[in-house]
Amino acid sequence: MDDRARGFTLIEALIVMLIAAILLTIAVPAWSSAMSAAHNGAARSALASSLLDAVRRSALTGGEVVMCPDTGAAQCNGSVDWSGGWIVFADRNGNRARDANEPLVHHAAALEGGVQLRSTAGRTRLVFQPNGGNAGSNVTFTLCDGRGLAKATTVVLGNDGRLRSGKPTFAAAQACMAAL
């Protein structure tokens with residue numbers, strides 16, 4: 001029996017390892033980008049779901065509903081950074097703060113995968129009215145992740161309750177990326 005028929009030569013093993021290393025070099029960044037895109041999409045979906053829950057609750061109860069970034073203790077934190085999660089609650093007394101007797105409508109957990117979510121400066125809470133609109137001006141949410149400035153997106157909520165998506169300004173995308 002021939003000795004070469006029993007195994008690989010050192011050259012063959014090195015070639016296989018080189019091919020595997022090249023494939024990993026290509027696959028890992030593509031996988032990382034795909035995971036970031038999936039986490040970004042999940043964040044956008046969670047945001048839209050919460051906004052719709054707030055509008056629906058306000059319309060059904062005829063009362064105001066507030067949505068705001070969460071402190072971690074189901075209270076509003078007063079920040080434009082929503083990445084740590086957010087809450088939606090029925091604001092029975094109109095003070096824009098969650099009191100003990102005000103039910104929590106929805107609680108969104110902190111975003112995963114390095115996704116950042118920021119709202120328009122000064123829009124630290126949204127107040128939904130029974131007519132389906134929100135009090136104040138339009139709010140723009142900027143979503144970004146590790147894929148960079150070019151992949152940042154926006155979700156805009158108009159005063160009339162309509163949602164649309166788009167591209168953020170360079171400054172908004174940069175501010176979002178700075179938090180990463």
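On a 1 Å grid over the protein atoms alone, a cavity is a set of points where a 1.4 Å probe fits but cannot get out, while a pocket is an open set with protein on both sides within 12 Å along at least five of seven lines; lining residues have an atom within 4 Å of a point. Grid points are joined across faces, edges and corners, and a volume is the space filled by probe spheres set on the points. The model described here is predicted, so local features need pLDDT of at least 70 and side-chain atom pairs count only at pLDDT 80 or more, whereas totals for chains, interfaces and linings use all residues. Residues are numbered from 1 along each chain as its sequence is written, and side-chain values use heavy atoms, with hydrogens and water left out.

The structure holds one cavity of 30 Å³ or more, and the volume of the largest cavity is about 30 Å³. Its lining is made up of Leu-51, Leu-52, Val-55, Phe-128, Leu-157, Gly-161 and Leu-163. Sorted by class (Ala, Val, Leu, Ile, Met, Phe, Trp, Tyr, Cys and Pro count as nonpolar, Asp, Glu, Lys and Arg as charged, and the others, Gly among them, as polar), this lining has six nonpolar residues, one polar and no charged ones. Helix 1 gives the largest share, three residues. Helices (H or I, at least four residues) and strands (E, at least two) are DSSP runs, numbered from the N terminus.

The largest pocket has a volume of about 170 Å³. Around this pocket stand His-39, Ala-42, Ala-43, Ala-46, Ala-108, Ala-109, Ala-110, Leu-111, Glu-112 and Val-115. Eight of the lining residues are nonpolar, one is polar and one is charged. Here too helix 1 (residues 10-61) supplies the largest share of the lining, four residues.

Buried means under 20% relative accessible area, exposed over 50%, and partly exposed in between (1.4 Å probe, protein chains only). Just after the helix, Gly-62 takes a positive phi of about 75 degrees.

The interior comes next. A nonpolar core is a set of buried Ala, Val, Leu, Ile, Met, Phe, Trp, Tyr and Cys residues joined through side-chain atoms within 4.5 Å. The largest such core has 20 residues, of which Leu-47, Met-67, Trp-86, Leu-117, Leu-126, Phe-128 and Phe-141 touch the most other members. At least two residues of this core come from each of helix 1, strand 1 (65-69), strand 2 (86-90), strand 5 (126-128), strand 6 (139-144) and strand 7 (153-157). Helix 1 provides the largest share, four residues. Another core, of seven residues, lies apart from it and includes Val-66, Cys-68, Cys-76 and Val-127.

Two disulfides turn up in a search of the whole structure, a disulfide being a pair of cysteine sulfur atoms within 2.5 Å. In one of them, the sulfur atoms of Cys-68 and Cys-76 are 1.9 Å apart, and both cysteines are buried. The torsion about their S-S bond is about -80 degrees, so this disulfide is left-handed. The sulfur atoms of Cys-144 and Cys-176 are 2.1 Å apart, and their link, with -95 degrees about the S-S bond, is left-handed. Because Cys-144 lies in strand 6 and Cys-176 in helix 2 (residues 170-178), the pair ties together parts that are 32 residues apart in sequence. Cys-144 and Cys-176 are both buried. In sequence order, the bonded cysteines pair as 1-2, 3-4.

Most residues other than glycine have a negative phi. Ala-74, in the loop between strand 1 and strand 2, has a positive phi near 60 degrees and is buried, with a relative accessible area of 14%. Arg-96 lies in the loop between strand 2 and strand 3 (104-108); its phi is positive, near 65 degrees, and with a relative accessible area of 25% Arg-96 is partly exposed.
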